Amino acid sequence: FASPECVPVRSGCGMAPKKKAAASYYKVVGGVKYDRQLLEKAESYAGTPVTVVQAKQLWKAASDGRGVTEIERRTLEYVLKEMRFTEKAAEFLRGALQEVEAEETPAASSSVQEAPAVAEAAAETEAEVSMPEAPPEEVGGSSSSASRPQPDLPVVARLRAESAPLSEWQRQALARYADGREEEFSSILEAALEVPIGSASGPERVTLMQMLALQLVSRTLALKNRPEEPQELLARAKELVDKADAISASESPGLDSLLVRGFLSLAKHTLAARHSATSRDELKRAEILFQSALRIDSSSPRALLGRALVCSERGEWIKALELFRKVLQRAAPRVPRSGLR
């Protein structure tokens with residue numbers, strides 16, 4: 001998969017004038033993002049009070065993945081507030097939301113008990129502390145401290161003391177990634193995401209989340225013989241990209257978000273049982289995401305790489321080879337005519 005250092009690209013990359021890559025994942029109401037499909041499903045019930053059956057259908061739609069995300073929960077709470085429900089339907093949906101909150105609270109508190117010094121950071125990022133006994137490079141964001149037994153790296157202590165901007169945290173992380181020190185790369189990014197939101201740029205925080213998510217996705221293939229760990233990494237990666245999209249200024253997912261989600265689906269396809277429905281669905285989802293990314297930037301090496309991997313998984317070797325050649329043409333540095341660098 002694409003390396004994390006490839007994520008922070010694209011400032012003035014020649015995007016077509018607001019040509020949307022795909023239907024927006026979100027619908028913005030009053031400046032707040034909601035899950036578009038879930039909200040539109042709820043709106044289709046308007047006209048009469050929402051029944052218990054319809055409320056259960058909404059809940060099923062929200063919990064179709066690995067659980068109810070923060071945006072899905074926010075959408076359901078908005079629907080409960082703005083639409084008419086029968087008494088039993090409202091009771092069901094409120095109860096379901098409360099159960100989710102109750103399930104998350106013990107996970108957070110147990111992780112915080114392992115490292116009381118980071119309780120404040122753990123509370124800030126909610127469910128990011130739900131992966132006990134994971135090595136530091138397998139988690140991200142504020143939760144890393146709760147599962148990291150060793151002291152902070154000297155560079156982390158220095159960056160904190162200097163109140164360094166997130167761009168400097170990113171530079172230090174990438175320097176270590178280039179040297180093959182992936183654990184340090186991961187630790188620096190995790191610590192960077194603990195920087196208070198008020199003192200950090202939203203776009204820079206989004207970039208760091210996407211970089212960390214992409215690294216977690218890349219690590220899964222090395223852990224195929226330990227099935228539980230890849231699933232934890234993929235769940236964490238999805239959480240990061242969901243959070244990144246939630247704080248992004250754009251209404252629809254950008255190039256980097258589509259790419260991370262595409263590689264996330266490719267990883268799920270690879271880990272699923274061969275020829276299973278999950279494997280087929282995830283491969284199709286990856287194809288759609290990479291195609292959407294190519295509509296934003298038709299020359300993106302990472303999007304072309306994703307499409308090439310999808311084709312190779314399907315045995316479309318000629319098409320895959322053509323795409324791999326395009327990746328090399330666009331990603332490889334140009335060599336001077338003399339042959340000297």
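1. In helix 8, the buried residues are F185, S186, S187, I188, L189, E190, A191 and A192. The model under discussion is a predicted one, and in it eight of the 11 residues of helix 8 (residues 182–192) are buried, so this helix is largely enclosed by the rest of the structure. The elements against which these buried residues pack are helix 6 (154–161), helix 7 (166–178) and helix 9 (202–219).

2. As to the chain as a whole, the protein has 14 helices and two strands. Of its 341 residues, 47% count as buried. When contacts with a separation of 6 or more are considered, 64% of them are accounted for by residues 24 or more positions apart.

3. The pairing of helix 11 (residues 255–271) with helix 12 (residues 277–296) can be described in some detail: the two pack at an angle of about 160°, and their axes are 8 Å apart. Because angles over 145 degrees count as roughly antiparallel, helix 11 is roughly antiparallel to helix 12. The crossing in which helix 11 passes helix 12 is left-handed.

4. On the side of helix 11, the contact with helix 12 is made by L255, L258, L259, R261, G262, F263, S265, L266, K268 and H269, while helix 12 contributes S279, E282, L283, R285, A286, L289, F290, S292, A293 and I296. Sorted by class, this contact of helix 11 with helix 12 comprises 11 nonpolar, five polar and four charged residues.

5. Helix 12 itself deserves a separate comment. Its 20 residues should span 28 Å at 1.5 Å a residue, and the C-alpha atoms at its ends are 29 Å apart, which agrees. The buried residues of helix 12 are S279, E282, L283, A286, E287, L289, F290, S292, A293, L294 and I296, and they pack against helix 11 and also against helix 13 (301–313).

6. By class, the contact of helix 1 with helix 3 has six nonpolar residues, one polar residue and one charged residue.

7. S163 lies in the loop between helix 6 and helix 7, and its phi is near 50°, a positive value in a residue other than glycine. With a relative accessible area of 61%, S163 is exposed.

8. The other position is G47, which is placed in the loop between helix 1 and helix 2 (52–62). G47 is exposed, its relative accessible area being 62%. Although G47 and R84 are 37 residues apart along the chain, their C-alpha atoms are separated by 8.7 Å.

Note on methods: Residues are numbered from 1 along each chain as its sequence is written. This is a predicted model: local features need pLDDT of at least 70, side-chain atom pairs count only at pLDDT 80 or more; totals for chains, interfaces and linings use all residues. Side-chain values use heavy atoms; hydrogens and water are left out. Axes are lines fitted to C-alpha atoms, for helices over the stretch in contact, and angles run from 0 to 180 degrees between N-to-C directions. Helices (H or I, at least four residues) and strands (E, at least two) are DSSP runs, numbered from the N terminus. Angles under 35 degrees count as roughly parallel, over 145 as roughly antiparallel, 65 to 115 as roughly perpendicular and the rest as oblique. A crossing is left-handed if the near helix is turned anticlockwise from the far one by less than a right angle, and right-handed if clockwise. Contact means heavy atoms within 4.5 Å. Ala, Val, Leu, Ile, Met, Phe, Trp, Tyr, Cys and Pro count as nonpolar, Asp, Glu, Lys and Arg as charged, and the others, Gly among them, as polar. The expected span of a helix is 1.5 Å times one less than its number of residues. Buried means under 20% relative accessible area, exposed over 50%, partly exposed in between (1.4 Å probe, protein chains only).
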